[in-house]
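Thanks for coming, everyone. Please bring up the structure, and I will walk you through a few parts of it.

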Amino acid sequence: MFKVKKIMDKPVYYSTLLDVEHFFTSRELEVKENKKEIADYLKIDVENLIKPTQTHSDNVEVVDINKKEYDECDSLIIDRADCAIYLNFADCTPVILYDSKNNVGAICHCGWRGTAKRIAPKTFLKMQKLYQTKPADTIAIIGPCISFSCFETYDEALNQLKNSVKNPNGLFKDNYADLKNINKRQLEELGIEKFDICPYCTVCDNDKFFSYRKENGTKKRHSAVLKIK
């Protein structure tokens, strides 16, 4: 279940399924404009609030406290508590993965291209390789993004998205695709069972979140933020 709390008196959204510090900011609280205040809230140094350079890739990296630049990276894994990560969104799907046994987490930027490239499953498989993460210990939180009824796209994108899952049933209708549940299906097909999916749509709930489509290519972004124990 998703609930609302406030940071700097601004609403952010979080899942009750996850017991580590995480939240999805609203259009009222851009991380870029309030980085110091958010770092203070997380009790970390501002330079340790880390964001990669997102390019709709399927590249996954692990945070190194001595490295501040992550070029062409759309998924970050974090295994230490003295820093936090955030990625930006405006219709694309945010996916947080958390290994509750090994205290390792990740944020994945799953636009339609990243979803088609299976960036969330690739992140889990990297966690599995590096930390022996098991599906049974993994919690997946799918944040606010463009909804099924609002995401109309073209044939090539639809074909790539259909090929990203073994079972596409229920995920497509005409030229529409359900990005939230495509990402869920990809992870389910790896054996993950614990999910919480945000009910909000960035287009329909544009008063809460930014929408690249509805706002004619806006450069403003809301964020997914994660800090582990």
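I will take the sheets, then the helices that go with them, then a few single residues. Keep in mind that this is a predicted model.

Six strands, 6 of them, form an open sheet in the order E1-E2-E3-E14-E7-E4. The pairing is mixed. Which strands sit at the edges? They are E1, residues 2-7, and E4, and each of them pairs on one side only. Look inside the sheet now. E7 and E14 pair in the antiparallel sense, over 5 bridges.

Next, helix H1. H1 lies across E1, E3, E4, E7 and E14. Its direction runs at about 150° to E3. The helix covers residues 35-42, and Ile 38, Ala 39 and Leu 42 are buried in it. How are these buried residues placed around the helix? Seen down the axis of H1, they fall within an arc of 100°, so they line one face. What do they pack against? Four strands are listed: E3 at 21-25, E4 at 49-50, E7 at 84-89 and E14 at 222-227. Just past the end of H1 comes Lys 43, with a positive phi of about 65°.

On to the other sheet. Here too 6 strands form an open sheet, in the order E5-E6-E9-E8-E10-E13, with mixed pairing. The edge strands are E5, residues 60-62, and E13, each pairing on one side only. Neighbouring strands in this sheet are turned by 15° against each other on average, direction ignored. E8, residues 93-99, and E10, residues 138-142, run antiparallel and are joined by 5 bridges. Within that pair, Val 95 stands opposite Ile 142 of E10. Helix H3 packs on this sheet. H3 touches E5, E6, E8, E9 and E10, and its direction makes about 160° with that of E9.

Now some single residues. Find Arg 118, in the loop between helix H2 (112-116) and helix H3 (119-131). Is Arg 118 buried, partly exposed or exposed? At 24% relative accessibility, Arg 118 counts as partly exposed. Leaving out residues up to four places away in sequence, Arg 118 touches Ser 164 and Gln 186. Glu 61 is 57 residues from Arg 118 along the chain, and their C-alpha atoms are separated by 15 Å.

Compare that with Ser 211. Ser 211 lies in the loop between E13, residues 194-197, and E14. Its relative accessible area is 0%, so Ser 211 is buried. What does its side chain contact? It makes a polar contact of 2.9 Å with the side chain of Asp 91. A polar atom of the Ser 211 side chain also lies 3.0 Å from the backbone nitrogen of Lys 214. Beyond residues up to four places away in sequence, Ser 211 touches several others, including Ala 90, Thr 202 and Val 203.

Last, the cysteines. How many disulfides does a search of the whole structure find? It finds 0. Cys 92 is in no disulfide, and the nearest cysteine sulfur, that of Cys 145, is 8.5 Å away. Cys 92 is buried, at 16% relative accessible area. Cys 150 is in no disulfide either; its nearest cysteine sulfur belongs to Cys 204, 3.6 Å away. The cut-off for a disulfide is a pair of cysteine sulfur atoms within 2.5 Å.

Methods:
Residues numbered from 1 in each chain as written. Predicted model: local features only at pLDDT ≥ 70, side-chain atom pairs only at ≥ 80, totals over all residues. Heavy atoms only, no water. Buried < 20%, exposed > 50% of the residue type's maximum accessible area, 1.4 Å probe, protein only. Helix = DSSP H or I, 4+ residues; strand = E, 2+ residues; numbered from the N terminus. Arc of directions from axis to C-beta. Contact = heavy atoms within 4.5 Å. Polar contact = N/O pair within 3.5 Å; in protein donor to acceptor, adjacent residues only side chain to side chain. Pairing = 2+ DSSP bridges. Axes fitted to C-alpha atoms, helices over the stretch in contact; angles between N-to-C directions.
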